[in-house]
Amino acid sequence: MRAVDLIRKKRDSGEHSREEIEYLISAYTHDEIPDYQMAAWLMASWIRGLSRKELAALTEAMLHSGEVVDHSYLSAKKVDKHSTGGVGDKTSLILAPIVAAGGLAVPMISGRGLGHTGGTLDKLEAIPGFQTSLSLSDFKKVLGECGMALIGQTAEIAPADKKIYALRDATSTVENIGLICASIMSKKLAEGIDALVLDVKTGSGAFMRREEDSVALAEVMVETAKRVGKKCVALITDMGQPLGRFAGHSNEVMESIEVLRGGGAADLRDLSLELSAWMFYLGERTKTVDDGRSLAVEMVQSGKALEKLRDCIRLQGGNPRVVDDTSILPLARGRLEVRSARSGFVTDINCLDLGSALAMLGGGREKKEDRIDHGVGLEFHKRIGDEVQGGEPLVTISYNTDAQLRAAQEMTAASYQIGDIKPPMRPLIRRIIGGA
Ligand code: URA
């Protein structure tokens, strides 16, 4: 088999056999196919699309490019959640301790921020000392001791995705349903889980902006998980505005702790509880999703979820005192209010631009090797539908340098549309795929 023939086949809208896809993935993982040929194949696939059969073969080939983690040492069911990413989306930091406190194991392999979206690993690294690059054996040790562990992709987990993802990022071949599905599902299935809850975002801050695209992505991901015998459900949720009141790394750790203490913004709390409820249900910890919700609430109210977070931070080398004193997180030096130019109602928010403004302040990366400034952040004072007076703050920016402050300030202000008519309420959870 030759890569050049497979590129031509896809360019001309052909359908690959399972063997062809297995060859492509295995040869690329072992450096037998150069980046330029893989990039050409990715672009051909982006344009021509992948059939369901090709997608299944691709996901499985990427999954088996590395190890599938064996958690047979655990008696609890293993359940994880994956979000397609957004602004202020910090539910992993909240639901992992809730679900672990409720008796399931959460072996979470997370990602870094991508484009305008934040990443769980970067957020955790705001906690002084927290280690996200554990070896697989240390990952299992932490998981065995406290029922949750949050790490980055290791060399053993879906190495094909690690290589292909970097290439996609540099060749504008990220936003494709088939390629996203294979990328996410190969990593998640390699975690050795029994069940997976997907949070597929839709709206201005999501990779899939249109709801029908988010639904199509959710459907192929759920189908992929079920085909390999895993329970899976996808919640289509709103990313037309930031989730919660804060974005930025220290900010989001603080807000997560606030939710685990029983407070926090209603949308963030509700979504975290709902995702936890589905995890309890799919992990067979409760008989119904309603019972799962009650258990999640109980884990917060009893303080057990917060204690679980403290244990995990300690076991992963972080300073567990952060749970009681968030002032030990890196904080920004300056604060600046972005005020509304007029009175009215917030009718729309460009969530992508808010994420990009945060990235410009140092809270995201332009290049893979860029360092994150964990202290910078945004605090959102108004949500869609809120009334606002001229001159009232929309957002508080926390910053460390003046470098891009002006541009970030202008971008933030332009992200808010203010009109005269109060817009209708947008439901946070739009649809549930695979839950029947
Ligand atoms: N997250 C991933 O892990 N992969 C994608 O392709 C997109 C988002």
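Begin by selecting His82: beyond its neighbours within four places in sequence, His82 is in contact (heavy atoms within 4.5 Å) with Ile184, Lys188, Leu196, Val197, Leu198 and Asp199. The model is predicted, so local features need pLDDT of at least 70 and side-chain atom pairs count only at pLDDT 80 or more, while totals for chains, interfaces and linings use all residues. Residues are numbered from 1 along each chain as its sequence is written, and side-chain values use heavy atoms, with hydrogens and water left out.

His82 lies in strand 1 (residues 79–83); strands (E, at least two residues) and helices (H or I, at least four) are DSSP runs, numbered from the N terminus. With a relative accessible area of 17%, His82 is buried, a term that means under 20% relative accessible area (1.4 Å probe, protein chains only).

Next, select Met185. Leaving out residues up to four places away in sequence, Met185 touches Thr59, Leu196, Leu198, Met221, Thr224 and Ala225.

Of its 136 residues, Ile25, Met38, Leu58, Ile98, Met185, Leu198 and Tyr416 touch the most other members. Helix 12 (residues 266–282) gives the most to this core, with nine residues.

Finally, move to helix 3 (residues 35–48). Its buried residues are Met38, Ala39, Trp41, Leu42, Ala44 and Ser45. The elements covering them include helix 1 (3–11), helix 2 (18–29), helix 4 (52–63), helix 8 (159–171) and helix 9 (177–189). After helix 3 comes Gly49, with a positive phi near 85°.

Conventions
Buried means under 20% relative accessible area, exposed over 50%, partly exposed in between (1.4 Å probe, protein chains only). A nonpolar core is a set of buried Ala, Val, Leu, Ile, Met, Phe, Trp, Tyr and Cys residues joined through side-chain atoms within 4.5 Å. The expected span of a helix is 1.5 Å times one less than its number of residues.
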